[in-house]
Amino acid sequence: MKILGISGSPRKGQNCEKMIASALEVAKERGFETDTVFLSCSEVAPCKACGACREKDCCVIDDSMEEIYEKMRAADGVIVAAPVYMGNCPAQLKALFDRSVLLRRKDFALKNKVGAALSVGGSRNGGQEKTIQSIHDWMHIHGMIVVGDNAHFGGITWNPSEEDSVGMQTVFETAKKLCDVLELVHKKK
């Protein structure tokens, strides 16, 4: 089984990419294949709402999304990390979410995949839960199975995440729960 980690931060090598790396390390230790999408290294333009994806199997915008679509289709589970920007996820991640409508229109390609969310803010209560809620909303719209960290909504850290031992424990617990549920779902198949 494969887990895709998506870092929704435009900042290369920072908190979200580190959290994704930590979560995917948990998955690798449990025998999962992993892959990543780092928006800091990708070009994802905003959706134009042109409707072309209703008819076509690809988006008319020529950027990194075609590769991202393939990674999302190939994954059994998806874990998304986002920083808090003005109380919610950054525009770069919202663009990816909006553009993923193509996958919804193409037979709900993400339906029944297991999803989890991570967020980092400038303080302990810096908007992380609201950001995670936005990620969960996106997952629900796609018909995904959404998991948290066994106690709350997902992995929540504050900057710098690697120094937040309490927060990083929620990242690890979220990754473990994602793996647990994937194993349960695949046992049933």
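Residues are numbered from 1 along each chain as its sequence is written, and side-chain values use heavy atoms, with hydrogens and water left out. Because the model is predicted, local features need pLDDT of at least 70 and side-chain atom pairs count only at pLDDT 80 or more, while totals for chains, interfaces and linings use all residues.

**Stop one: helix 3 and helix 5**

Select residues 91-99, which are helix 3, together with residues 128-141, which are helix 5; helices here are DSSP runs (H or I, at least four residues) and strands likewise (E, at least two), numbered from the N terminus. The two helices pack at an angle of about 10°, with their axes 11 Å apart, where axes are lines fitted to C-alpha atoms, for helices over the stretch in contact, and angles run from 0 to 180 degrees between N-to-C directions. That angle makes helix 3 roughly parallel to helix 5 (angles under 35 degrees count as roughly parallel, over 145 as roughly antiparallel, 65 to 115 as roughly perpendicular and the rest as oblique).

Now show the side chains of Leu93, Leu96 and Phe97 in helix 3, which meet Ser134, Ile135 and Trp138 in helix 5, contact meaning heavy atoms within 4.5 Å. The residues of this contact divide into five nonpolar, one polar and no charged; Ala, Val, Leu, Ile, Met, Phe, Trp, Tyr, Cys and Pro count as nonpolar, Asp, Glu, Lys and Arg as charged, and the others, Gly among them, as polar.

**Stop two: the aromatic pair**

Keep Phe97 and Trp138 selected, since the two form an aromatic pair that is stacked, at 4.4 Å centre to centre and 15° between the planes. Rings of Phe, Tyr and Trp (its six-membered ring) pair if their centres lie within 6.5 Å, and planes under 30 degrees apart count as stacked, over 60 as edge-to-face and the rest as tilted. Phe97 lies in helix 3 and Trp138 in helix 5, so the pair ties together parts that are 41 residues apart in sequence. Phe97 is buried, with a relative accessible area of 8%, and Trp138 counts as buried at 6%; buried means under 20% relative accessible area, exposed over 50%, and partly exposed in between (1.4 Å probe, protein chains only).

**Stop three: helix 1 and helix 6**

Move to helix 1 (residues 15-29) and helix 6 (residues 165-188), whose axes come within 9 Å and cross at roughly 45°. Helix 1 and helix 6 are therefore oblique to each other. Among the residues making the contact are Met19 and Ala23 of helix 1 and Val171 and Ala175 of helix 6. By class, this contact has nine nonpolar, one polar and one charged residues.

Leaving aside its neighbours within four places in sequence, Phe172 is in contact with Ser22 and Val26.

**Stop four: the loops**

Most residues other than glycine have a negative phi, and most peptide bonds are trans. Select Asn159 and Pro160, which are joined by a cis peptide bond with omega about -5°; Pro160 lies in the loop between strand 6 (155-158) and helix 6. Then go to Met86, whose phi is near 50°, a positive value, in the loop between strand 3 and helix 3; at 88% relative accessibility, Met86 counts as exposed. Finish at Asn112, where phi is positive at about 70°, in the loop between helix 4 and strand 4 (114-121); Asn112 counts as partly exposed at 47% relative accessibility.
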